[in-house]
2 protein chains.
Amino acid sequence: MAGGVAKNDQRRLAEVAGLERDRALLGRASTAERVADILRDRITEGYFPPGARLSEESIGGALGVSRNTLREAFRLLTHERLLVHELNRGVFVRVVTVEDLDDIYRVRTLVECAAVRSLGEGPHDERTTAAVAAIEAAVRAGEAASHDRAWQDLSTANIRFHQGIVALAGSPRTDELMRGVLAELRLVFHVMADPRRFHAPYLTRNRQIVEALQAGDAAEAERLLLSYLEDSRSQLSGAYAQHIARD
Amino acid sequence: MAGGVAKNDQRRLAEVAGLERDRALLGRASTAERVADILRDRITEGYFPPGARLSEESIGGALGVSRNTLREAFRLLTHERLLVHELNRGVFVRVVTVEDLDDIYRVRTLVECAAVRSLGEGPHDERTTAAVAAIEAAVRAGEAASHDRAWQDLSTANIRFHQGIVALAGSPRTDELMRGVLAELRLVFHVMADPRRFHAPYLTRNRQIVEALQAGDAAEAERLLLSYLEDSRSQLSGAYAQHIARD
DNA sequence: ACGTAGAGGATCGTTGAACGATCCGACAAG
DNA sequence: CTTGTCGGATCGTTCAACGATCCTCTACGT
């Protein structure tokens with residue numbers, strides 16, 4: 001009897017296997033989250049410039065949602081660091097300071113280099129090979145976007161490349177952290193003109209890095225990545241400081 | 001004229017220097033945040049056990065706040081990973097799985113080791129020496145707590161030690177990440193009896209690490225920290241798996 | 001001219017109530 | 001044993017309202 005039940009359970013488990021990842025699509029519904037999605041798009045696309053105040057009343061009215069629901073959406077975006085909330089003053093689109101930018105790159109070098117290094121230490125299972133394949137796909141997408149002069153796509157491909165680097169560590173928490181940090185970085189990129197200047201030069205370096213990874217040379221990949229990040233930081237930091245001063 | 005204004009501003013700046021840290025107490029006011037503080041304490045102290053459902057109605061009634069305000073507090077704690085939110089079901093105290101525990105230690109080794117390593121690479125300015133001093137203070141507090149058999153204090157001192165390690169990197173974002181991760185870890189510690197077993201053996205290792213740091217031997221400190229984390233992980237993971245299975 | 005105090009308006013913070021939607025458990029029918 | 005259905009409990013969302021807070025502008029006194 002007990003054995004029969006166990007076998008039955010096992011069969012049922014096999015039947016529903018592979019549906020786990022679909023649960024995420026099922027659970028997503030809340031109005032606040034959808035509002036947050038809309039606002040996130042608007043912010044990253046520059047419709048709401050940094051520093052802009054997002055009035056509860058006007059936006060709530062425009063989107064046809066109540067103030068309470070809108071507040072939940074604001075809170076969501078606040079914890080993604082896209083908005084800042086000042087008591088009794090409202091929410092504003094985050095203004096990234098130069099110090100923020102430095103910290104962002106500090107986190108990036110810390111985490112991304114550590115992720116690459118962990119590849120050299122741990123075992124090479126199917127997870128790591130899949131992660132490297134994802135990185136390679138991002139590089140390929142970036143090359144295609146560059147060829148098509150689709151600079152927006154190039155930007156997202158570049159971000160995806162770095163997300164792939166982080167994924168080498170195989171840690172969901174680290175992935176989430178870097179997702180937020182890279183979203184912040186996208187804010188910086190957007191206020192600056194000429195995305196090509198900031199992404200195109202790094203295509204060949206991305207390619208070099210992924211080749212080193214595929215060759216299993218984690219140390220070389222880390223070296224390349226470190227100099228990549230240092231160059232990117234100094235270039236972006238300088239340009240951003242100028243941009244801030246110009247206001 | 002302009003010079004006078006500038007001098008005035010400078011003087012005013014000097015006057016308010018040292019009040020920076022008080023702003024946190026000033027700016028904090030919102031009812032939702034205070035409610036979140038209360039609930040956070042209750043959760044970490046074990047009043048709400050993992051898996052418990054937090055009813056909006058009952059808690060809102062008990063605390064005398066409206067459902068909408070309580071929801072904002074829930075959202076706060078959800079983003080700290082202390083609660084999980086299931087649509088149309090409510091919020092529950094987070095149940096840390098064994099996979100979560102593994103991920104927590106993955107993040108810890110990644111970040112803490114990288115933070116220590118960064119000490120060996122960057123310059124030794126007053127910030128890093130202050131950070132090392134903070135770590136030493138945490139170790140000393142832990143030793144005092146152990147001597148007084150104040151196991152709760154020992155636990156917080158140990159957490160503070162690791163927060164100090166992370167602070168070596170000098171990155172606010174990294175600090176915040178690890179604050180959340182270590183808070184999760186506290187959840188694990190709390191469901192397990194005998195905190196002494198999990199903290200006391202590491203006192204001497206903490207002392208060794210801080211001595212290596214004070215001697216400027218970052219490589220040795222990293223080695224010690226790595227083996228520390230590995231031992232801690234395997235011990236805790238095993239005990240926690242047993243504890244889960246016993247339910 | 002300068003600094004300060006106060007009035008007014010706009011917006012936020014919070015509450016309470018309400019209605020529909022969703023989930024869960026129990027019970028009955030196949 | 002599975003499936004369908006029903007009712008209760010709870011959540012999701014909206015709305016209206018009031019007090020609290022902040023910002024701006026004006027007026028006053030020195």
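In the predicted model, helix 3 (residues 31-44) and helix 5 (residues 67-79) of chain B pack with their axes 8 Å apart and at an angle of about 55 degrees. The two helices of chain B, helix 3 and helix 5, are therefore oblique to each other, and helix 3 of chain B passes helix 5 of chain B in a right-handed crossing. On the side of helix 3 of chain B, the contact involves B:Thr31, B:Ala32, B:Glu33, B:Val35, B:Ala36, B:Leu39 and B:Arg40. These residues meet B:Thr69, B:Leu70, B:Glu72, B:Ala73, B:Leu76 and B:Leu77 in helix 5 of chain B. Divided by class, the contact between helix 3 and helix 5 of chain B has 8 nonpolar, 2 polar and 3 charged residues.

Chain B also contains an open sheet of 3 strands, in the order 1-3-2 and with antiparallel pairing. Strand 1 (53-54) and strand 2 (83-86) of chain B are the edge strands, each pairing on one side only. Strand 2 of chain B runs antiparallel to strand 3 (residues 90-93) of chain B, to which 4 bridges join it. Within this pairing, B:Val84 has B:Phe92 in strand 3 of chain B as its bridge partner.

Between the chains, the contact takes 22 residues from chain A and 22 residues from chain B. On the side of chain A that touches chain B, the elements giving two or more residues are helix 5 (67-79), helix 6 (98-121) and helix 9 (172-191) of chain A. Helix 6 of chain A provides the largest share of that side, 6 residues. The residues of the side of chain A that touches chain B comprise 9 nonpolar, 8 polar and 5 charged.

How values were computed:
Residues numbered from 1 in each chain as written. Chains lettered and ligands numbered in written order. Predicted model: local features only at pLDDT ≥ 70, side-chain atom pairs only at ≥ 80, totals over all residues. Pairing = 2+ DSSP bridges. Axes fitted to C-alpha atoms, helices over the stretch in contact; angles between N-to-C directions. Parallel < 35°, antiparallel > 145°, perpendicular 65-115°, else oblique. Left-handed = near helix turned anticlockwise from the far one by under 90°. Contact = placed C-beta atoms within 7 Å. Nonpolar A, V, L, I, M, F, W, Y, C, P; charged D, E, K, R; others polar.
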